[in-house]
Amino acid sequence: MKAMAVSKYLNGPERAFGALALFFSVLWPIVAVVKGVAINLELTALALCLQVGLILIGLYFRIRLDSEKVARLAISLGYYLIFVASVANLIEMRFPIDALVLDPILQEIDDAIGYKWSGVLAWLASWPGVGNVLAFIYNTSLLQLAFLMAVLALSGKDRTHYRFLTTAAVSLFLTVAIWMIWPSFGPAISQTIPEDVVGKMTLVVGPEYQTEMLRRVASGATSVPPFTTLGLVAFPSYHTIMALLVVVYSWRTLVGLPLLLFNIPMLPAILTQGAHYVSDVVAGFVVFLISALIAKRLIVGPEKWDAVRTF
């Protein structure tokens, strides 16, 4: 697959991403109908207008304005939003869940190494400013992905751009596939946040979040897309994967070092504000590595680029 090739309409990687996005965008409504879950038509229509609109804008820039960099950015962003939204809807329809098999095992591993999420939160509450900063950094993951997508597309780093997108798509697919088979929700499913922590600092996963998560586990989705979006996938940690996506694929750009420094606190943010087991983070590293290797094999450039060693 030659990521550098320019097409009048869609190039090879874009056709592949498009086919994948189309598959999942058709799959989730079928699953919803089969399971009897109501489809929120207003949110679905709004999301579809944004996603398809970006793709059409990209095609306009490519065909009429001959602006290839903007075209690749808009088309890639549109496809990725379709993919993410479709997968999020499929996750919602995995509920209700009768038994949690993986969480007790992962909790035992945490206990063995002496890590307890609620205890770390209580300790972190002594430095609420630090907790607030970690919450802010944790919540920037998607924005960082969009920012890097723009940097790579607009700077003409085509091969890196498509490897970045392929790694993101493959890792998301693997993460959700693992979670669908062995759903887990992190320590927030079983541990109680100390009362003296609530109100002292920003909590991404707070008591209200826990209540809604437990409701979905027991009762299932009432409609898709839901009005309240939760990060329900714990193992593997996709926030870990997103941080690695940003750091690795930005490294040979002008924003590489700033993004590396910005994401150093992401690891403690994932464990604390993200309410993850340590094993979730380790699994995120493994899934990212596998996905990056797959992307490196799939996305190749013309012969003149073969000597250029990019990730």
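Author: Contact means heavy atoms within 4.5 Å. Helices (H or I, at least four residues) and strands (E, at least two) are DSSP runs, numbered from the N terminus. This is a predicted model: local features need pLDDT of at least 70, side-chain atom pairs count only at pLDDT 80 or more, and totals for chains, interfaces and linings use all residues. Residues are numbered from 1 along each chain as its sequence is written, and side-chain values use heavy atoms, with hydrogens and water left out.

Reader: Which residues of α7 meet α10?

Author: From α7 come Ser 141, Leu 142, Gln 144, Leu 145, Leu 148 and Leu 152. From α10 come His 239, Met 242, Leu 245, Val 246, Tyr 249 and Ser 250. Ala, Val, Leu, Ile, Met, Phe, Trp, Tyr, Cys and Pro count as nonpolar, Asp, Glu, Lys and Arg as charged, and the others, Gly among them, as polar. On that count the α7 contact with α10 has 8 nonpolar, 4 polar and no charged residues.

Reader: At what angle do the axes of α7 and α10 cross?

Author: Axes are lines fitted to C-alpha atoms, for helices over the stretch in contact, and angles run from 0 to 180 degrees between N-to-C directions. Helix α7 (residues 141–154) and α10 cross at roughly 25°, their axes coming within 10 Å. Angles under 35 degrees count as roughly parallel, over 145 as roughly antiparallel, 65 to 115 as roughly perpendicular and the rest as oblique. So α7 and α10 are roughly parallel to each other.

Reader: Is the crossing of α7 and α10 left-handed or right-handed?

Author: A crossing is left-handed if the near helix is turned anticlockwise from the far one by less than a right angle, and right-handed if clockwise. For α7 and α10 the crossing is left-handed.

Reader: How do α2 and α3 pack?

Author: The axes of helix α2 (residues 41–63) and α3 are 7 Å apart, at an angle of about 160°. That makes α2 roughly antiparallel to α3. Their crossing is left-handed. Contact residues of α2 include Leu 50, Leu 54, Ile 55 and Arg 62; those of α3 include Glu 68, Arg 72, Ile 75 and Ile 82. By class, the α2 contact with α3 has 14 nonpolar, 3 polar and 3 charged residues.

Reader: How many cavities of 30 Å³ or more does a search of the whole structure find?

Author: A cavity is a set of points, on a 1 Å grid over the protein atoms alone, where a 1.4 Å probe fits but cannot get out; lining residues have an atom within 4 Å of a point. Grid points are joined across faces, edges and corners, and a volume is the space filled by probe spheres set on the points. The search finds 1. The largest cavity has about 100 Å³ of space.

Reader: Which residues line the largest cavity?

Author: Phe 17, Leu 20, Ala 21, Ser 76, Tyr 79, Tyr 80, Phe 83, Leu 165 and Ala 169 do. At least two lining residues come from each of α1 (12–35), α3 (68–92) and α8. The largest share, 4 residues, is from α3. By class, this lining has 8 nonpolar, 1 polar and no charged residues.

Reader: What about the backbone?

Author: Most residues other than glycine have a negative phi, and most peptide bonds are trans. Asp 66 has a positive phi of about 55° although it is not a glycine. Asp 66 sits in the loop between α2 and α3. The peptide bond from Phe 95 to Pro 96 is cis, omega near -5°. Pro 96 is in the loop between α3 and α4 (102–113). Phe 235 to Pro 236 is also a cis peptide bond, with omega near -5°. The loop between β2 (223–224) and α10 (238–250) holds Pro 236.

Terms used:
1 Å grid on protein atoms, 1.4 Å probe; cavity = no way out; pocket = protein on both sides within 12 Å on 5 of 7 lines; lining within 4 Å.
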